[in-house]
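Dear colleague,

Please find below the structure I promised to pass on to you. My notes on what was found in it follow directly after.

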Amino acid sequence: LGHELVLRPYELVRKGKAFIMRNITFADLKKGLEETFTPSAAAVILYKAGMACGRRSAERVVKHLKLRDETLLNAIVKLKVKEGWGSINFENLNLKKKLGNIIVKNSFEAEGYGKSDMPVCHFLRGYLAGVLSVALNTEINLIETACTAKGDPNCEFQIVE
Ligand SMILES: [Zn+2]
């Protein structure tokens, strides 16, 4: 049962624990935050929300599937592809040295947003930071160094010390 609830998104929808939102609707929410506050305030709000989401997600996988380290990250990758968040690749990341980058193809956040001069995937950046914080058992923060919203081929995230 634990496995079902962790890895089957449509079970969550059926049970009323999740709902489906279009990329563009998420972008409307984000643009509303940017206009009401400032783009940098919106980035902080989304990053924090993403961080909480990523931590919960990783903790659920640890608790129900008893996975750690690379196997935990692999489960997160599978889950997020199924949920349509994008294809996350942790393979260029050296967990022990905290070096390298995370590459994301087809970020839902960038796709919904449209063109931008700056990286836009603040929620996803927070989510990945939350997952890595659980995986490494220490607070991890990320910056987005490339984003498809500004014309880069992928979104890329790096650990900041
Ligand atoms: Zn991006």
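Helix α4 contributes the most to the lining of the largest pocket, namely six residues, where helices (H or I, at least four residues) and strands (E, at least two) are DSSP runs numbered from the N terminus. A pocket here is an open set of points on a 1 Å grid over the protein atoms alone, where a 1.4 Å probe fits, with protein on both sides within 12 Å along at least five of seven lines, and lining residues have an atom within 4 Å of a point. This is a predicted model, in which local features need pLDDT of at least 70 and side-chain atom pairs count only at pLDDT 80 or more, while totals for chains, interfaces and linings use all residues. Residues are numbered from 1 along each chain as its sequence is written, and side-chain values use heavy atoms, with hydrogens and water left out.

The largest pocket holds about 1,000 Å³ of space, a volume being the space filled by probe spheres set on grid points that are joined across faces, edges and corners. It is lined by 29 residues, of which A18, F19, K80, E83 and W85 are the closest to its centre. The lining divides into 19 nonpolar, three polar and seven charged residues, with Ala, Val, Leu, Ile, Met, Phe, Trp, Tyr, Cys and Pro counted as nonpolar, Asp, Glu, Lys and Arg as charged, and the others, Gly among them, as polar.

The zinc ion has as its protein donors C121 (SG), E144 (OE), C147 (SG) and C155 (SG), at 2.0 to 2.3 Å; donors are N, O and S atoms within 2.8 Å of the metal (3.2 Å for Na, K and Ca), and since water is not among the atoms, sites may look incomplete. The arrangement is tetrahedral because the four donor atoms subtend angles of 103 to 115° around the zinc ion, the criterion for four donors being that all angles lie between 85 and 135 degrees.

Strand β5 (residues 155–160) has C155, F157 and I159 on its covered face and E156, Q158 and V160 on its uncovered one. It pairs in the antiparallel sense with β4 (residues 141–146) over five bridges, where pairing requires that DSSP finds at least two bridges between the strands. Within this, the zinc donor E144 stands opposite F157 in β5.

Best regards

Conventions. Buried means under 20% relative accessible area, exposed over 50%, partly exposed in between (1.4 Å probe, protein chains only). Four donors count as tetrahedral if all angles lie between 85 and 135 degrees; four count as square planar and six as octahedral if opposite donors are over 155 degrees apart and all others between 65 and 115; anything else is irregular.
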